[in-house]
Amino acid sequence: MEKLSQCLGLCASLSLFTPKQVCVLNCCCQSFQALRGSWLQSKPRVDVDVSTPSALCWLRKNVASIRVLELIRITQQQLWDLLQNARALTDLTVSNSSVPDAVSRLPTLPQQLERLALYNCRRLAHLPILLGTRVKELCLVSCHELVALPELPGTLQHLECYDCPNIRQLPDLPGGLSSLHLNCSSLQVLPELPRSMTALVVESCQGLEQLPRLIHTAITKFSIIHSGMQRIPTLPPVVKSVTAWDMPELQQLPSPLPPNMILLCLAGNTALQQLPVLPLQLTRLDVLDAAVWRQFQKCRNSQTSDTSV
């Protein structure tokens, strides 16, 4: 009974909270309808399951001053109605849109938007124009009907396309992009990578036969997983970490390896028979390929024998 009284007291006091006292709101309670205060003075994240009528009602009243918003199980019409009044929104996440009339198109995005994340929007076939926004981070996960991306804004720094099986190519990448994470089984070609690139992860892109030139970039983390590529281009000297997993056609690694590399992970590369000379800075070597490991042990034993003599 005491715990119940505490809960009831908390619900009664919700309407008195100010934005400075709130970091995250999970809107699924009727008490949230009475929340008041200026949300422009802070940046709480508001997570809303809009299948709850009271949460949707509260959100419609307050969306004009919300900056960070995650919408769960929202319909097409609800999303369009809300974004018309989202004048302060800088961070938008739409997830789990497996509902009748799920999101298949997005409305025009607010110009001040800096982050857009779409998860499990399986009916989404097109993205709106991104030019003119301030988007720095674009995350697309399990958008199965999405076939292409629009022209990307120059502000973009991080791009993730994961489990998007119908994307065949990407538009030109902006000059300030630093991180690219791809898992697109139908992707056939990558555009030229900008010099600003610091992290490249290519996973399960079976249609991608080769990578573009890498040597001119600032990549420090390089990872390629589950690919039919036969070769990896020459890596930039600043690379610190290299991962090559499940690449049955890969016959050799680029040589020489980056001099400052400290981590090398190899697994499932059945055609790979030997390693190039390993850099002196290497501190971790994970090898699950038997032929490569035998060659590495032979070289190490040979070097030990030479030293003892």
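Predicted model: local features only at pLDDT ≥ 70, side-chain atom pairs only at ≥ 80, totals over all residues.
Local features were required to have pLDDT of at least 70 and side-chain atom pairs pLDDT 80 or more, whereas totals for chains, interfaces and linings use all residues. Residues are numbered from 1 along each chain as its sequence is written, and side-chain values rest on heavy atoms, with hydrogens and water left out.

Three salt bridges were found in a search of the whole structure, a salt bridge being a side-chain nitrogen of Lys or Arg within 4 Å of a carboxyl oxygen of Asp or Glu. In the pair Asp91 and Arg115, the closest N and O atoms are 3.1 Å apart. This pair links distant parts of the chain, with Asp91 in strand β4 and Arg115 in strand β5 (residues 115–119), 24 residues apart; helices (H or I, at least four residues) and strands (E, at least two) are DSSP runs, numbered from the N terminus. Both Asp91 and Arg115 are buried, where buried denotes under 20% relative accessible area, exposed over 50%, and partly exposed in between (1.4 Å probe, protein chains only). Arg115 also forms a salt bridge with Glu137, at 3.5 Å between the closest N and O atoms. Because Glu137 lies in strand β6 and Arg115 in strand β5, this pair ties together parts that are 22 residues apart in sequence. Glu137 is partly exposed, at 26% relative accessibility. Asp286 and Arg284 form a salt bridge with closest N and O atoms 2.7 Å apart; relative accessible areas are 27% for Asp286 and 48% for Arg284. Shared partners join Asp91, Arg115 and Glu137 into one network of salt bridges.

Beyond its neighbours within four places in sequence, Leu180 is in contact (heavy atoms within 4.5 Å) with residues including Leu159, Leu173, Met197 and Val201.

Most residues other than glycine have a negative phi, and most peptide bonds are trans. Ser142, in the loop between β6 (137–141) and β7 (158–162), has a positive phi of about 55 degrees and is buried at 8% relative accessible area. For His226, in the loop between β10 (221–225) and β11, phi is near 55 degrees; this residue is partly exposed, at 32%. The peptide bond from Ser255 to Pro256 is cis, with omega near 0 degrees, and Pro256 is in the loop between β11 (241–245) and β12 (263–267).
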